[in-house]
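The following paragraphs lead the reader through a structure one element after another. Please keep the sequence and the model in view while reading.

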Amino acid sequence: MRPDLWRSISLLSSTGAHTRLGRRSLLGLGAALTGSLALGPKQGNAEPSPASPPADAPWSQSIGPGVVDRPYGRPADTEAGVIRRNVPWLTAGTESSISFSPLQDLHGIITPNGLFFERYHAGRPDVDPEQHKLMIHGLVERPLLLSMKDIIRFPSVTRIHFIECPANGGMEWRAAQLNSLQFNHGMISCAEWTGVRLSTLLEEVGIKKEARWVMVEGADGAHMNRSLPLDKCLDDCLVVYAQNGEALRPEQGYPLRLVVPGWEGNVSIKWLRRIKLGDKPWHSREETSKYTDLMPDGTSRGFTWLIDAKSVITFPCPEKPLHGPGLYEIRGLAWTGNGKVKRVDVSTDGGVNWQSARLHEPVLSKALTKFTIPWRWDGAPALLESRVIDETGYVQPTIAQLRKQRGTNSVYHNNSIQTWQVKADGSVFDVQLG
Amino acid sequence: MSSSVKHRALLCAGMVIAAGTFAYAAEPGPGYYGYGQRATPEQIAGWDIDARGEDGVGLPEGRGGVIRGSEVYAEQCAACHGTFGEGEGRFPKLVGGAGSLRHDRPELTVGSYWPFAPTLWDYINRAMPMAAPHTLSADDVYALTAYILNLNDIVPSEFVADRESLPKVKMPNRDNFLWTDPRPDTAAKPCMNACVDPASVKIVSTAEGKNLTPRTTGPLDTMLAK
């Protein structure tokens with residue numbers, strides 16, 4: 001029996017709807033059953049679905065669950081494959097690891113809260129918001145301890161910003177390895193954040209004039225901490241408690257996190273519990289042994305916070321191949337830590353010729369920007385690429401250009417142009433060009 | 001302004017005052033909102049755990065040597081990091097890799113890569129052991145720091161780590177970090193037509209057939225380490 005029919009049967013018995021609706025709906029169900037059974041022996045692709053015209057679908061001849069059947073709500077059962085995923089061989093365990101957003105199944109610039117990529121250094125803590133406190137101290141006039149109620153009382157701001165792990169694409173420095181949009185680009189997500197400006201909190205405690213740096217620290221087991229220059233903190237950083245209109249998810253730092261717009265994700269400390277002002281950076285483990293970029297000459301770059309401009313075609317992609325020649329809409333996302341996306345160009349011949357794509361509103365600073373361009377595919381093999389130019393005039397580089405500067409061991413900040421190889425059968429592969 | 005308008009304006013002002021004052025105009029400064037509590041020295045002391053890498057500011061009282069460090073290490077660290085810091089499975093190596101940073105496959109360890117010794121104390125103290133972070137005594141963290149530095153041949157076996165000695169340890173890779181971002185380090189003109197010779201466009205690597213990709217449909221893949 002078809003799964004949807006099972007659902008309508010269990011639905012009726014579990015809600016008790018049949019006792020109230022009686023004969024009419026049961027008759028309808030009987031008709032659906034009969035129809036289904038009648039179609040049963042027919043097999044193969046040509047079989048018309050019992051829900052397709054001229055048949056009326058079972059869900060069109062039954063009554064569904066009522067309001068608050070799902071008091072919170074969840075995606076349709078058939079969307080069960082739209083999930084964050086990890087690469088099990090990448091890390092020792094899942095507690096200090098990363099998961100990837102399923103960009104191949106997302107359609108806009110906002111990442112649904114349940115699909116926002118995760119990065120933990122000591123697993124996901126379950127923090128009690130009643131007990132959670134934010135301490136602000138160090139080179140300040142009046143050190144403070146704020147409860148969540150105190151923080152929510154401050155003037156609020158709402159902004160849309162992406163967060164990207166600088167290791168996004170880090171497995172591709174040497175060669176194309178992972179045949180997937182999700183695994184090569186899914187360490188980025190974008191949300192509407194609501195909270196208080198960090199500058200408001202810092203002005204409230206009073207910044208001593210010798211303060212230059214700010215250390216931010218989480219309440220997780222890693223006590224994850226990073227140093228930030230005071231100027232950035234006063235510019236556009238946010239201390240947020242809400243994500244896409246609801247409380248932060250535990251995965252994203254519930255009840256409180258920092259958002260450092262346009263900078264590498266790990267500085268946007270989650271489960272934020274302490275802010276300390278000082279005169280020098282701290283050089284914590286996460287900004288010395290990690291999140292530093294090793295160059296071919298043996299030197300390393302530290303404090304490389306900025307997310308440079310990057311774009312990727314999200315359709316087609318390895319997970320979403322083409323089905324026969326014809327007119328398609330190439331779709332993708334572009335972003336830059338430098339502000340706004342100015343232009344995105346698309347090539348279908350491996351970068352020989354380019355055409356500018358259409359940018360979709362809203363085009364926001366330090367947020368994902370959607371682009372599309374129509375493409376009539378003739379069925380011949382193609383090499384698809386997108387290239388973003390941001391408002392500073394910076395042009396997204398090729399992997400060859402990046403390797404020339406940085407070699408293959410710098411792990412982080414691979415913002416190179418992605419090439420998708422489209423084969424004649426419509427399948428799509430992650431490749432790199434010479 | 002006519003007297004009736006003036007009268008109405010005064011009435012409105014009176015109503016606003018009665019309901020509270022809109023506060024847009026005032027200039028915020030320290031204590032303007034007055035929310036929360038002043039953090040007491042005792043409260044701050046409990047959470048003020050950081051020690052700065054470069055100068056060790058924030059390192060607490062206490063001390064520990066290599067022998068004690070080897071005992072704590074065997075009990076708390078060896079299961080993941082290996083008996084001699086060689087790393088178990090995919091857990092990080094702590095030892096080795098000296099001189100490898102220019103190699104094709106560099107080994108980044110405490111000895112070969114970390115620029116500052118106090119950072120090691122800070123990190124062990126704040127985040128280790130992984131299953132029970134921030135549970136070791138300051139003395140034991142000093143001892144572990146001494147032991148791991150000794151395993152890397154950076155300090156002698158009689159070395160005792162404390163707030164005075166640790167900042168003086170010169171890590172081998174200390175001077176090889178650039179702390180200002182040199183990017184953008186690429187520049188290109190966004191050419192639109194006949195940008196490269198079509199004959200030169202060649203696929204030099206492909207993910208096809210590498211068998212490294214977990215599945216991206218259906219449930220989570222359990223693909224094991226390769």
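In strand β7 of chain A, Trp213(A), Met215(A) and Glu217(A) point one way, while Val214(A), Val216(A) and Gly218(A) point the other way, and all of these residues are buried. In a regular strand the side chains alternate between the two faces of the sheet. Here a residue is called buried if 20 or more other C-beta atoms lie within 10 Å of its own, exposed if 12 or fewer do, and partly exposed in between, with C-beta atoms placed from the backbone. Strand β7(A), residues 213-218, is thus described as mostly covered, with 6 of its 6 residues buried. Helices (H or I, at least four residues) and strands (E, at least two residues) are DSSP runs, numbered from the N terminus.

The model is a predicted one, in which local features need pLDDT of at least 70 and side-chain atom pairs count only at pLDDT 80 or more, while totals for chains, interfaces and linings use all residues. Residues are numbered from 1 along each chain as its sequence is written, and chains are lettered from A and ligands numbered from 1 in the order in which they are written.

Which strands does β7(A) pair with? Two strands pair if DSSP finds at least two bridges between them. Strand β7(A) runs antiparallel to β8(A), to which 5 bridges join it, and Val214(A) stands opposite Leu228(A) in β8(A). The hairpin of these two strands has 6 residues between them, and His223(A) takes a positive phi near 45° there. Strand β7(A) is also joined by 6 bridges to strand β12 of chain A (residues 272-278), again in an antiparallel arrangement. In this pairing Trp213(A) stands opposite Gly278(A).

These pairings belong to an open sheet of 6 strands with mixed pairing, in the order β8(A)-β7(A)-β12(A)-β3(A)-β4(A)-β1(B). At its edges stand β8 (225-229) of chain A and β1 of chain B; each has a single partner strand, so one side of each is left without a neighbour in the sheet. Within the sheet, β3(A) (residues 133-138) and β4(A) (residues 144-147) pair in the antiparallel sense over 4 bridges, and Ile136(A) has Leu144(A) as its bridge partner.

Another strand of chain A, β6(A), covers residues 188-197 and is mostly covered, with 9 of its 10 residues buried. Strand β5(A), residues 157-164, runs antiparallel to β6(A) and is joined to it by 8 bridges; Thr158(A) stands opposite Thr194(A) in this pairing. A further 5 bridges join β6(A) to the antiparallel strand β9(A), residues 238-243, where Arg197(A) stands opposite Leu238(A). Taken as a whole, chain A has 8 helices and 23 strands, and buried residues make up 49% of its 434 residues.

The two chains also touch each other. Two residues are in contact if their C-beta atoms, placed from the backbone, lie within 7 Å. The contact between the chains takes 78 residues from chain B and 85 residues from chain A. On the side of chain B, α5(B) gives the most, with 5 residues. The residues of that side divide into 43 nonpolar, 19 polar and 16 charged. In this count Ala, Val, Leu, Ile, Met, Phe, Trp, Tyr, Cys and Pro are nonpolar, Asp, Glu, Lys and Arg are charged, and the others, Gly among them, are polar. Strand β14(A), residues 300-301, pairs with β4(B) in the parallel sense over 2 bridges, and the bridge partner of Arg301(A) is Leu178(B).

In chain B, helix α6(B) has 12 of its 14 residues buried, so it is largely enclosed by the rest of the structure. Its buried residues pack against β2 (63-65), α3 (66-76), α5 (117-127) and β3 (160-162) of chain B. Helices α3(B) and α6(B) pack at an angle of about 100°, with their axes 7 Å apart. That angle makes them roughly perpendicular, a term used for 65 to 115 degrees, whereas angles under 35 count as roughly parallel, over 145 as roughly antiparallel and the rest as oblique. The axes are lines fitted to C-alpha atoms, for helices over the stretch in contact, and angles run from 0 to 180 degrees between N-to-C directions. The residues of this contact divide into 7 nonpolar, 3 polar and 2 charged. After α6(B) comes Asp153(B), whose phi is positive, near 60°.
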